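Biologist: Before we look at individual features, could you show me how to read strands, helices and burial in a model such as this one?

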Amino acid sequence: MKRLFTSWTLLCVLIQLWAQAPSGYYTDATGYKGQSLKTALYRIITDHTARSYKQLWTDMQSTDRREDGKVWDMYSSTTDFTFTSDQCGTYKTEGDCYNREHSFPKSWFNDASPMYTDLFHLYPTDGYVNNRRGNYPFGETNGEQYKSNGGYSKLGKCTSPGYSGTVFEPDDEYKGDFARSYFYMATCYEDRIATWNSDMLAHNSYPAYAKWALDMLLRWAAEDPVSPKEIARNNAVYKIQKNRNPYIDFPGLEQYVWGSKTGIPFDPDNYDGGGEVNPPNPDDVATPTFTPSAGSVDKGTTVTISTTTPAAYIVYSLNGGSLRTEESPVYVEITEPTTIEAYAMKEDKISETVSATYTIVSTLPDEGVQTFKKVNSTDALEIGKRYLIVCEDKNKAMGAIQNDFRSCEDVTIETGQIRTEVNGNGQPFQVILGGQEGAYTLYDATAKAYLSLTSDKNKLHNSGEAGSKNAQWTITVSGGQASIQNNAYKSRTIQYNASSPRFACYTNGQQPVTLYVNTTSGSGIKEVVATEDSLVDVYTINGQLVRQNVQASQALNGLKKGMYVIKGNKVLVK
């Protein structure tokens, strides 16, 4: 059964909670917000006493003991394990024995220490159910592959928006517990999580989790607030490891790091204690979300438009066309550059209108020498085009990612043009402009990543997601120079460091950059040569005849944006 808290119960919990955190423990996080707050918390909690794997058996007798003295198992509703005597062992079915479960699977971080024995994500659980979970991500499912006794835990295809792989769903009563464990892992191991591997992870330090996973974890934390069990466990782990889980100490803190309160500075001495942050009016309709978020995507990608309001409809348009209305969620296949505008509607109430722009990432490499032309104005920027980032003063262009910066490669600039091969060893790497004005994305199709800045330092990172401000840029071009300003750290722009040759992000003092646009990246694409009496057939790129024996001068009139074939030549309709 899901836990429900009255205001008085929550107040009592908060009084108990605040009484347990040592005085001054969180002082160094005061005034920080969003990503910087997570980093401040990381510095506070990352150093702790690492346990041996064997010691966990004893540790769990104090961290996970029910009131009746039995093992507190969060994977099964029918177990009645006794500490020590019911340790696994072997098992054939649910209820045979308990073992030590890495709720954040150890294979994701290659069994490395100290994560391997960190009690904040290790729990005693039924051995058989644990084995059925394996290392699948947490998620929501109908449980078509497996259900534990009474359907308490489930395994099957994910039904959460944005992911369709196999997931393990714990019971509602403990979803918030596991969400706060995951928030802890992303914070305590901020310096490592970008290298870990899971479909739940974004392969960066912030936001650390893929959008579908983060949205779900935030929702789990709100729907299943901090319980007395978690508070007692937090205190017990603190006695052993000498660090704490701040997301238990401050219910709703995840909203200050990832959610609706990222613009509000954190103050541990004057915390509002809202486990449910800015609770919505039950009559309101939740604004739709797009999964994946706006940016460059592979052709054929399916975008899910959904709202968390039950029984609501999505009203949307594509590229300014007519409005369509469908039940949430709505699925849109991206086969051409597409801007989606959408709002949610239920009865006579509607949500805010939101939009997302998607461009197509070509899966074909640009072969041979490409010609790039200098961009001289902001108005000349065009979504979907490919660009080089160049330091004209040093005849250098941005290359491949190397650690926390981009390499530089020699180019020859003649009368505002660069001719070069791209995306190979020792060659410049071009980026695809996506997103929208004020929130552009720069996608490296070779590395399959967006240029991103995840810390306020002289670095330049990669991100698998385009939805955060870290992977979004404000670009202006004036006097032939381009200012590529990061939206998360607005004092930093992409510049060229000549003394330590590299492209990275700086506040000032380095060489400015210029953008050059690829004018031949559509190799093989030609204009229609129109004569008065020429008749042509028009085919899609897949060979489907769409027009037959039409005047060449009229061949493209009224066609949707995309690629067509006329007389054996590819023709682009913009």
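Modeller: Let us begin with pairing: two strands pair if DSSP finds at least two bridges between them, and strands (E, at least two residues) and helices (H or I, at least four) are themselves DSSP runs, numbered from the N terminus. This is a predicted model, in which local features need pLDDT of at least 70, side-chain atom pairs count only at pLDDT 80 or more, and totals for chains, interfaces and linings use all residues. Residues are numbered from 1 along each chain as its sequence is written, and side-chain values use heavy atoms, with hydrogens and water left out.

Biologist: Which residue in strand 26 does Thr-474 stand opposite?

Modeller: Thr-474 faces Gln-485 there, within an antiparallel pairing of strand 25 and strand 26 (residues 481-486) that runs over six bridges. The two strands form a hairpin with two residues between them, and Gly-479 in the turn has a positive phi of about 60°.

Biologist: In what order do the three strands of the open sheet lie?

Modeller: The order is 6-8-11, with antiparallel pairing; strand 6 (289-291) and strand 11 (330-334) are the edges, each pairing on one side only. Strand 8 (residues 301-306) is joined to strand 11 by five antiparallel bridges, and Thr-302 stands opposite Glu-333 in strand 11.

Biologist: How many of the 14 residues of helix 7 are buried?

Modeller: The count is 10 of the 14, so helix 7 is largely enclosed by the rest of the structure; among the buried residues are Ile-231, Val-237 and Ile-240. For its length, the expected span of a helix is 1.5 Å times one less than its number of residues, and for helix 7 (residues 228-241) this gives 20 Å, which agrees with end C-alpha atoms 20 Å apart. Just after helix 7, Lys-242 takes a positive phi of about 70°.

Biologist: Is Asp-59 buried or exposed, and what is Asp-59 in contact with?

Modeller: Asp-59, in helix 3 (residues 55-63), is buried, with a relative accessible area of 4%. Contact means heavy atoms within 4.5 Å, and, leaving aside neighbours within four places in sequence, Asp-59 is in contact with Arg-51, Leu-119 and Ile-240.

Terms used:
Buried means under 20% relative accessible area, exposed over 50%, partly exposed in between (1.4 Å probe, protein chains only).
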